[in-house]
Amino acid sequence: MRRELFITTGFAVAALALLLAASWIEPEAIRPEVFSDQGEPLFPTYRDVLEVKAIEVVDYDEEQAVARPLKVEFRRGQWVLSSHYDYPAEAGDRLAKTAAALLDLKKDLVVSDRLEDHAAYGVIDPLDMTVAGLAGRGKRVTLRDGQGRILADVVLGKPDPERQGYRYLRLPGQKRTYSVRTEADPSAEFADWIESNLLRLNAGDIRRVVLNRYLVDEGLGRLTNQERITLSREGGEWKTEGPRRLSRASIEGLIGALARLRVVGARPKPKPLAEQLKSGQPLQMTLETVMSLRQRGFFITPDGRLLAKEGELFVETTQGLVYTLRFGEVAASVAGPTASSADAPRAAEQDRFLFVTVRAEPPRAAPAGADGAVGERLARTLAQKFADWYYVISGKDFARLHPRS
C-alpha cells in the first residue's frame, strides 16, 4: 500500500513539474484564444504617414439608410476629393491628423469574439449589405499607398463607456472586436475637408449689401416682381433702404452667414464656361453652357447678362472687393448623373446651387484707408477658384442669405 502511494505521488509531482516547465517555456500555450493577439499592433506594416496617398471614409446615415462615402487622393501634386468631382482638399491639418491617427495603433483590449456583438459595439461594416439591420453600423476608414495597396483598414465603432479615450473597432472581415485607445474620428462630410470660409470674408470688412430679388420670365426673357433692398453700415449700425426693412436678427444672420459661408457640395462647370469666367470674356451662349446653367437654375440673356432663379446678393468690402452671389435651383432637383451619391443624404435639406463671382474695384478701398492692391490680389485668387465650380450651400445658409423680413 505504501509502495502504491509513493508511486502515485511521484506521478503527480512529475505531472506538475511538466506543467510548470511547459508554462515557463511557452506561456502563450495556456493563454485563452480570445486574448491571443491582445497588445499587438493593428497595422504592423504601416510605419510612415508619408506613404499615405489615399484616404477613404465611409459613414452611415441611419435615417436615410444609406452609406456616405468620401475619398481623398493625392493626384498631380495636390490632394483632391475624388469622390466629389476632384474638388481640392483644402483642410491640410485634417489630412495629416487622419493619416497619423491610425499609425501605431495597438489591439489594447479584446472585448468580444462574437459576430452577434457587432451591433452593440457599433462595428458593423457600413458597406456590408448582408446585414439587414440599420443600427450598429460604424465608420470604415481605409488608407492606401500610391500603388493602391492597403496600409490600414478598420471599422470604427462606439466610444468605450468604461475607458476614457478608447473606442471599439474591428478589422473588416474579422469577428473580433477590440477596445483601442485612439482619437481617430475622420469625417465623411465634404464641408469638413475644404476651406471653412468660402468667401474669405470678415464680418467687420463688409460695408454694403444689396439684395436683388426678381422672378425670371423665361418665355419673354425679362424680369418681373423685382425688389431691391440695400444695407449700408454707418457708424457701426446697419441702415436699410428699399420697399421694406429687415429685422436686426435677419441682418445679423445675413452678415454672419457671409463671414462663415460653408460649402456642402460642388459641381464642376463646363471647361469653356470656366475659361470665359477666368479671362473676363463675355459669356458665350453655347448649347453646353446654356444647358449646364439651366440645370442649376441660372440663365444667360441675349446681351450676356447672367440671371438666377432666386435672385442675387451683392457684397462690397472695405478692401474694394465686390462679390456677386447668385442663388439657383435646389440641388436635389438634379440628382442623377450629375450628382454625387455622397450628396444623397442631404437631399431633404433643400441645399441650393450658388454661382459666385468677385472683382476688385480699388477706388472703393480708398475711403476705408485700405490697400487696394491687396484687394486686387485676393480678387484674382478667388476669381480663379470660383470660376471652376457651381457651389452647393445648405438650406439654412440660403435662408440666412435670402431673408424675407
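Two strands are taken to pair if DSSP finds at least two bridges between them. Helices (H or I, at least four residues) and strands (E, at least two) are DSSP runs, numbered from the N terminus. With these terms in place, leucine 156 stands opposite leucine 169 in S8.

The structure is a predicted model, in which local features need pLDDT of at least 70, side-chain atom pairs count only at pLDDT 80 or more, and totals for chains, interfaces and linings use all residues. Residues are numbered from 1 along each chain as its sequence is written, and side-chain values use heavy atoms, with hydrogens and water left out.

The chain holds eight helices and 19 strands. Of its 405 residues, 45% count as buried, where buried means under 20% relative accessible area, exposed over 50%, and partly exposed in between (1.4 Å probe, protein chains only). Contacts are defined by heavy atoms within 4.5 Å; of those in the chain with a separation of 6 or more, 63% come from residues 24 or more positions apart. The accessible surface of the chain comes to about 21200 Å², and carbon and sulfur atoms contribute 53% of this surface. Accessible areas come from the Shrake-Rupley method with a 1.4 Å probe; for residues, only the protein chains shown count as cover.

Confidence is given by pLDDT, the predictor's confidence in each residue, from 0 to 100. The chain averages a pLDDT of 87, and 86% of the residues score at least 70. Among the elements of the chain, S19 has the highest mean pLDDT (98) and helix H1 (residues 2–25) the lowest (45). Over residues 1–31 pLDDT stays under 50, and the model has five contacts beyond four places in sequence for this stretch. The pLDDT is also below 50 over residues 334–341, a stretch with 13 contacts in the model beyond near neighbours in sequence. Where pLDDT is low, the predicted coordinates should not be read in detail.

Next comes an open sheet of eight strands, with antiparallel pairing and the order S12-S11-S10-S16-S17-S18-S19-S13. Its edge strands, each pairing on one side only, are strand S12 (237–241) and strand S13 (265–268). Neighbouring strands of this sheet are turned by 25° against each other on average, direction ignored. Axes are lines fitted to C-alpha atoms, for helices over the stretch in contact, and angles run from 0 to 180 degrees between N-to-C directions. Strand S18 (residues 352–360) and strand S19 (residues 389–393) run antiparallel and are joined by three bridges; phenylalanine 353 has valine 392 in S19 as its bridge partner. Helix H4 (residues 248–259) runs at about 95° to strand S10 (206–217), and lies across S10, strand S11 (222–234), S12, strand S16 (312–317) and strand S17 (321–330).

The loop between H4 and S13 contains arginine 260, which is exposed with a relative accessible area of 53%. Its C-alpha atom is separated by 7.5 Å from that of leucine 201, 59 residues apart along the chain. Glycine 369, in the loop between S18 and H7, is likewise exposed, at a relative accessible area of 66%. From C-alpha to C-alpha, glycine 369 and threonine 318 are 8.2 Å apart in space and 51 residues apart in sequence. Helix H7 (residues 372–386) includes lysine 385, which counts as buried at 15% relative accessibility. Leaving aside residues up to four places away in sequence, lysine 385 touches Tyr87, Glu90, Glu195, Leu198 and Tyr391.

Strand S8 (residues 166–170) is mostly covered, with four of its five residues buried. Three bridges join S8 to strand S7 (residues 150–159), and the two run antiparallel. Six residues lie between the strands in the hairpin of S7 and S8, where glycine 165 takes a positive phi near 85°. With strand S9 (residues 177–181), S8 pairs over five bridges in the antiparallel sense, and arginine 167 stands opposite valine 180 in S9. The hairpin of S8 and S9 has six residues between the strands, and glycine 173 in the turn has a positive phi of about 85°.

In helix H2 (residues 92–101), the buried residues are Leu95, Thr98 and Ala99. Seen down the axis of H2, these buried residues fall within an arc of 95°, so they line one face of the helix; the arc is that of the directions from the helix axis to the C-beta atoms. Their cover includes strand S1 (54–61), strand S2 (66–75), strand S3 (78–81) and strand S6 (139–144).
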